[in-house]
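Please find below my notes on this model, arranged as numbered points. They are meant to be read with the coordinates open.

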Amino acid sequence: MQNQQDPLAQLRDIHLPEPIGWWLPAYGWWLVAAAGIACVWWLVRRVRLRRRSVLRFARLELQQLEESFALLADPAQLAVGLAELLRRVALTRYPRHEVAHLHGESWVAFLSAHHGGQNRQEFMWLGMAPYVPAAVVAAEVDPQRVLAATKSWIRRNAG
């Protein structure tokens with residue numbers, strides 16, 4: 001028999017709530033998941049747009065160099081412009097620490113390696129063009145072959 005005088009005796013035992021299931025998550029988790037998916041989508045889109053813009057600007061500058069060559073017929077100026085364009089495209093497409101220090105034979109090897117080992121002679125002239133006298137470049141460089149090699153390299157590596 002319980003003691004009617006004891007107030008603690010009148011208390012009921014503790015009842016634990018049902019365990020929380022792992023599914024369905026609360027609305028906050030749905031918002032976090034949606035925000036995460038939106039961030040990933042935005043990053044992927046941004047990277048794609050950046051790659052396309054590099055290709056677009058490279059093609060535009062390549063067209064300007066072609067038009068300038070058609071007017072002036074200066075192979076040395078064309079070779080220097082193409083060399084600068086290739087350097088800028090490579091710096092935007094590949095990590096700076098891999099590209100920025102390259103010059104001479106290592107730059108030619110880089111260009112050839114990222115072009116499937118083709119057009120080594122043309123890339124050699126592009127690597128040397130800024131440092132060789134204009135008369136030598138004009139006498140030795142075939143502008144159409146160098147231009148075709150540059151277009152192909154940009155198409156392959158900027159897009």
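1. Does A73 count as buried or exposed, and at what relative accessibility? At 53% relative accessibility A73 counts as exposed, where exposed means over 50% relative accessible area, buried under 20% and partly exposed in between, computed with a 1.4 Å probe on protein chains only. A73 is placed in the loop between α1 and α2, and its phi is near 50 degrees, a positive value in a residue other than glycine. Most residues other than glycine have a negative phi.

2. On provenance, this is a predicted model, in which local features need pLDDT of at least 70 and side-chain atom pairs count only at pLDDT 80 or more, while totals for chains, interfaces and linings use all residues. Residues are numbered from 1 along each chain as its sequence is written, and side-chain values use heavy atoms, with hydrogens and water left out.

3. Confidence is expressed as pLDDT, the predictor's own value for each residue, from 0 to 100; the protein has a mean of 84, and 97% of its residues reach 70 or more. Among the elements, helix α6 (residues 134-140) has the lowest mean pLDDT, 76, whereas helix α3 (residues 96-99) has the highest, 90. Helices are DSSP runs of H or I with at least four residues, numbered from the N terminus.

4. Within helix α6 lies A139, which is exposed, with a relative accessible area of 62%. The C-alpha atoms of A139 and A76 are separated by 9.0 Å, although these residues are 63 places apart along the chain.

5. The largest nonpolar core has 34 residues, of which F110, W153 and I154 touch the most other members; such a core is a set of buried Ala, Val, Leu, Ile, Met, Phe, Trp, Tyr and Cys residues joined through side-chain atoms within 4.5 Å. Two or more residues each come from α1 (27-72), α2 (75-93), α4 (105-113), α5 (120-128) and α7 (143-158), with the largest share, nine residues, coming from α2.

6. Helices α1 and α2 pack at an angle of about 175 degrees with their axes 10 Å apart, the axes being lines fitted to C-alpha atoms over the stretch in contact, and the angles running from 0 to 180 degrees between N-to-C directions. That makes α1 roughly antiparallel to α2, a term for angles over 145 degrees. The contact (heavy atoms within 4.5 Å) includes V54, L62 and F69 of α1 and L78, L85 and V89 of α2. By class it has eleven nonpolar, four polar and five charged residues, where Ala, Val, Leu, Ile, Met, Phe, Trp, Tyr, Cys and Pro count as nonpolar, Asp, Glu, Lys and Arg as charged, and the others, Gly among them, as polar.

7. The axes of α1 and α7 come within 10 Å and cross at roughly 170 degrees, and these two helices are therefore roughly antiparallel to each other. Their contact has nine nonpolar, two polar and five charged residues. R155 lies in α7 and, leaving aside its neighbours within four places in sequence, is in contact with L55 and R59.

8. In α4 the buried residues are W107, V108, F110, L111 and S112, and what covers them includes α2, α3, α5 and α7. In α5, E122, F123, W125, L126 and G127 are buried, with α2, α4, α6 and α7 included in their cover.

Conventions
Parallel < 35°, antiparallel > 145°, perpendicular 65-115°, else oblique.
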